[in-house]
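Here is my note on the model, as numbered points. Please read each point with the coordinates open.

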Amino acid sequence: MTQILRIDASARATASRDEEGSYSRALAAHLVAQLQNRHPDAQVVSRDLAAAPIPHISDTTIKGYYTPPEAMTDTLRTATALSDQLIAEVQAADILIISLPIYNFSVPSAFKAWIDQVVRIGHTFAYEDGQFRGLVTGKKALVTLSYGAGGYADGGPLQSYDFMRPYVEMILGFIGISDVSVFSIEATTADTTTIAANRASALQAIDHFIANQEAA
């Protein structure tokens with residue numbers, strides 16, 4: 001049975017018929033639907049980081065991260081319990097679907113809070129002999145990104161301003177997820193014709209990717 005973990009971080013809801021909304025969420029929803037069409041038995045676990053924000057780590061949380069299991073106290077176990085839960089969700093998943101809008105040229109703070117709970121020494125990465133090693137292996141990540149302006153793609157005038165895609169790819173690779181596919185939509189604040197064309201292109205890219213995965 002395929003396990004899918006969907007993580008959304010946009011502060012906006014998915015677009016409705018009468019109101020614009022999150023384009024990153026819309027692409028993620030399309031990905032989930034396409035995967036479920038091909039894997040009807042797939043189980044989907046959803047984490048909406050805007051509707052149910054992840055708290056930022058505290059001093060006690062960090063102390064718990066670096067305390068050996070045999071020395072953990074009840075206080076430290078409580079402080080790291082959410083981290084344990086979020087990491088278990090990641091480890092149980094075969095596919096991670098992560099949807100993110102760009103906020104001030106990087107990831108939303110809601111997603112950064114999730115990262116700080118999940119990227120944890122001895123659990124999702126190891127540090128041995130001066131080298132880091134990811135511990136989350138054998139998984140795929142499908143990432144949907146939305147950009148208000150155009151020009152972030154390779155060679156575009158805003159490419160150097162994009163600290164979101166490189167960071168997400170790096171952090172996933174850091175914990176051991178090297179199979180990462182990214183789907184993006186740009187210029188979501190443009191005119192309706194441009195937005196419709198860009199959205200259609202992004203959906204087509206997803207459909208093409210899924211079809212090729214099934215054919216492989």
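1. A salt bridge here is a side-chain nitrogen of Lys or Arg within 4 Å of a carboxyl oxygen of Asp or Glu. Arg6 and Asp8 form such a salt bridge, with their closest N and O atoms 2.8 Å apart. Both residues are buried. The model is predicted, and side-chain atom pairs count only at pLDDT 80 or more. In total, the structure holds 9 salt bridges.

2. Stay with Asp8. Asp8 sits in strand β1, which covers residues 3–8. Is Asp8 buried or exposed? Its relative accessibility is 4%, so Asp8 counts as buried, the limit for that class being under 20%. The side chain of Asp8 also makes a polar contact of 2.4 Å with the side chain of Ser99. Leaving out residues up to four places away in sequence, Asp8 touches Arg25, Ala28, Arg47, Asp48, Leu49, Ala50 and Ser99. Next, a salt bridge within a helix. Asp74 and Arg77 are joined by a salt bridge, the closest N and O atoms lying 2.8 Å apart. Both residues belong to helix α3 (residues 74–79). They are 3 residues apart, about one turn of the helix. How exposed is each partner? Asp74 counts as exposed because its relative accessibility is 57%. Arg77 has 42%, so Arg77 counts as partly exposed.

3. Helix α5 (residues 109–118) holds another pair, Asp116 and Lys112, which are 4 residues apart, about one turn of the helix. Their side chains meet in a salt bridge of 2.8 Å, N to O. Asp116 is partly exposed, because its relative accessible area is 22%. Lys112 is partly exposed too, with a relative accessible area of 31%.

4. Which residues line the largest cavity? They are Phe111, Trp114, Ile115, Val119, Ile171, Leu172 and Ile175. The space inside the largest cavity is about 40 Å³. The structure holds 1 cavity of 30 Å³ or more. Helices α5 and α6 (165–174) each supply at least two residues of the lining. Helix α5 gives the largest share, 3 residues.

5. Now the largest pocket. About 270 Å³ of space lies in it. Helix α6 and strand β7 (179–185) are the elements that give two or more residues to its lining. The lining has 13 residues. Tyr152, Ala153, Asp154, Asp162 and Arg165 are the ones nearest the centre of the pocket.

6. Strands β4 (residues 125–128) and β5 (residues 131–134) pair in the antiparallel sense, over 4 bridges. Which residues are bridge partners? Phe125 has Gly134 of β5 as its bridge partner. Ala126 has Arg133 of β5. The two strands form a hairpin with 2 residues between them. Asp129, in the turn, has a positive phi of about 55°.

7. Two loop residues also have positive phi. Asn104 has phi near 50°, a positive value in a residue other than glycine. Asn104 is found in the loop between β3 (95–101) and α5. With 73% relative accessibility, Asn104 counts as exposed. Ala187 is not a glycine either, yet its phi is positive, at about 55°. The loop that holds Ala187 runs between β7 and α7 (192–215). Is Ala187 buried or exposed? At 12% relative accessibility, Ala187 counts as buried.

Terms used
Residues numbered from 1 in each chain as written. Predicted model: local features only at pLDDT ≥ 70, side-chain atom pairs only at ≥ 80, totals over all residues. Heavy atoms only, no water. Buried < 20%, exposed > 50% of the residue type's maximum accessible area, 1.4 Å probe, protein only. Polar contact = N/O pair within 3.5 Å; in protein donor to acceptor, adjacent residues only side chain to side chain. Contact = heavy atoms within 4.5 Å. Pairing = 2+ DSSP bridges. 1 Å grid on protein atoms, 1.4 Å probe; cavity = no way out; pocket = protein on both sides within 12 Å on 5 of 7 lines; lining within 4 Å. Points joined across faces, edges and corners; volume = space filled by probe spheres on them.
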